[in-house]
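Me: Please take a close look at a single part of this model and describe how its pieces pack together.

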Amino acid sequence: MSELVQYALAGGVAVITIQNPPVNALSPGVPEGILDGLGKANADDTVRAVVLIGGGRSFIAGADIKEFGKITSGEKKRGVGLHPLLYALEDSPKPVIAAIHGQAFGGGLEVAMSCAYRVAVPTAQVGQPEVKLGIIPGAAGTQRLPRLVGVAKAVEMCQFGNPLKVPAAAALGLIDRVIEGDLLEGAVAFAREAAGKPFVKVRERNGKLRTPDANAAIFASAREAARKRQRGLLAPLAAINAVEAATRLPFEDGVKEEQRLFEDCLFSTQSKALIHVFFGERAVAKIPGVPSETPAYPIRRAAIIGAGTMGGGIAMTYANAGIPVLLKEATRQALDRGMDVIRKNYAASVAKGRFSQEVMDQRLALVTPALNYEGFEEADIIVEAVFEGMALKKQVFAEIDSIAKPECVLASNTSTLSIDEIASATTRPHMVIGHHFFSPANVMRLLEIVRGKATGKEVIATSMALARTLGKVGVLVGNCRGFVGNRMFGPYRREAQFLVEEGADIEAVDRAMYDFGMAMGPLAVGDLAGLDVGWRIRKEFRHLEIPGVRKPLLEDRLAGMGRFGQKTGSGWYHYDENRRPSKDLIVEELIARVREEAGITPRHISQEEITDRLLYSLVNEGARILEEGIALWPVDIDIVYINGYGFPAHRGGPMFHADTVGLDKVLARIREFHDRHGALWTPAPLLERLAREGKTFTQEGSKHA
Ligand code: 3H9
């Protein structure tokens, strides 16, 4: 037997246990080990049935995702896949019972579906999440699943990749028995009941497949949903096609069709990008110098200063994670307004059916409004979320320094200001850190964790663990103006304005990025976030402006006119009462005036130029950020942009995207922009070096693996 799989006997039942921690992925050796065990069981006359179970925390979390990169890079040949194992399980004369706890995902569910029966503990989850990696099930999942759960549910599971909980899976017929007590005991008992009785192989159960006519509406609406909710993605459509093949073709032909679609997806850039993101989201938690055993402070109570948009959203984030939170404002009016917004947000979620009124009441009860610092001395973390001004922030930190207990983490939600300067207002800079949430804080997954020069290791470890508790992806970044996300966003939004000044339509600029896959274009984002925010920040940093360097002109003018974006009903666009944008003549006139004042003759600007200038402004600044050590690794930047700025995950993030274009090509374009537009486009030395050496950002960051 392989070391990854164990074999034992339990009174007439063979027990095959997979031992491939942490999640029992089907790494090389595992399928072979299961096959060996099955062979042994079938050769042993004393064995009447077989239980297949996972050791540790899950059944099988799927194929080993690391293997895919080896196949697509040519390092490894694609073997026969899992099919020989699956046919052997399904054709076994003695019934095989899959005993599921933790997860049966991807290849794990495909293995389970080849067994005669599936039993599971109530807390387990089953699913075909491949689409989230830009692929589709590749071991007949799209063929067996509809035979068990019906076409509509199979399409939904393969198209969106969301897992099912066991009670729902049992109701659909995917799980044959829910085991309340000990899983192995229950599975062995089930096996003894099943032994010697006839069973029908899943691939021969065609009863739930229905006719093409009866299924037409299911596939039409799935494709419509893909168009709307999975814009630009290849895998969901391939998954729909593969399930459709199950309904039209005999099993073996359906498997072949699935195989063809699977290969197309596996070799796509989208899949490489999404796999990069999967490992990247886990890699960002591994910080050199802060090993996983670093002690973290327990966070049981939080306190927040500022009940505005950010403070309120952060309070909800804590409450959603079950952590009680004090929410302080300076005036009764502002506090009432903040609490009102929280209440309305929760009520909207209840109305949409996201959670029950009871859950809303529980969460709301965790947020205690406050007008003074009473109770702050008990907080394990205090988060400052006041207006973006250094003087105010320092005043707040001096105040909390005198109240907070010694082991209390002091976090600032600043999006641009220096953590070191903020920390200097306290007697304990080692406890001070940036927790930069993204608006709406209760929704956006990113938490930029900003380390000051004195921030303690324990405070970093606490923040990383807290991010996970709050359901966020925490990315550790260094201290500079704007940190990673906003520092890169500066050049990006600057170019968006320059493009408009030079002749591009506002809509054309936004559309170029939307078509690329961004959630919104850069100017529409400005209107959503509030044009006053950047305006206020620019005023704060005016003393740092370099004379003679071109500055964007339009946004300050718009903000100066009180056009702060959606919240004032006008910004780059005019907004109706439903916040639907339309072109605004006043803005067109302003643009014409600004062009005239600046002596700019408008020209036609292609979509390609818009896209390149916007994306490469991100990449060039990202390269500088890496060189300065503000981001530890290229993938950190990618994770920041995907989770905080609506960058499409299937492009892998700005740095990965640049790799896929080719850094020599990116650099050549940046040099063109440099020649045409001057110093702001000076190529980053790191980019120049990598392009010269024929390397990628990913290779540069592979030390992180
Ligand atoms: C597939 O099955 C295709 C098939 O159709 C067959 C085709 C032929 N492989 O997330 P965690 C690592 S595609 C390799 O932190 P959690 C992960 O990187 C696959 N490694 O834990 C991490 O490593 P590290 C379909 C994997 O408890 C460690 O395990 N399946 C895999 O928060 C712990 O992971 C999926 O897409 C894997 N399959 O969540 C499932 N899975 O410690 C993907 C995990 O070095 N996995 N690792 O950072 C998950 O969704 C979550 O990991 C899971 C556990 C929910 C299982």
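Reply: Helix H21 (residues 522-529) has Pro522, Leu523, Ala524, Gly526 and Asp527 as its buried residues; helices (H or I, at least four residues) and strands (E, at least two) are DSSP runs numbered from the N terminus, and buried means under 20% relative accessible area, exposed over 50%, partly exposed in between, with a 1.4 Å probe and protein chains only. The model is predicted, so local features need pLDDT of at least 70 and side-chain atom pairs count only at pLDDT 80 or more, while totals for chains, interfaces and linings use all residues. Residues are numbered from 1 along each chain as its sequence is written, and side-chain values use heavy atoms, with hydrogens and water left out.

The buried residues of H21 pack against helices H19 (485-502), H20 (506-516), H22 (531-540) and H25 (607-627), and against strand S18 (574-575). After H21 comes glycine 530, with a positive phi near 105°.

In the largest nonpolar core, of 94 residues, those touching the most other members are Ile382, Val484, Val509, Trp572, Leu687 and Phe697; such a core is a set of buried Ala, Val, Leu, Ile, Met, Phe, Trp, Tyr and Cys residues joined through side-chain atoms within 4.5 Å. H25 gives this core its largest share, nine residues. Domain 2 (302-477) and domain 3 (485-702) each supply at least three residues, the bounds coming from an automatic or database domain assignment.

Leucine 687 is in contact (heavy atoms within 4.5 Å) with Asn620, Ala623, Leu663, Val666, Leu667, Ile670 and Phe697, leaving aside neighbours within four places in sequence.
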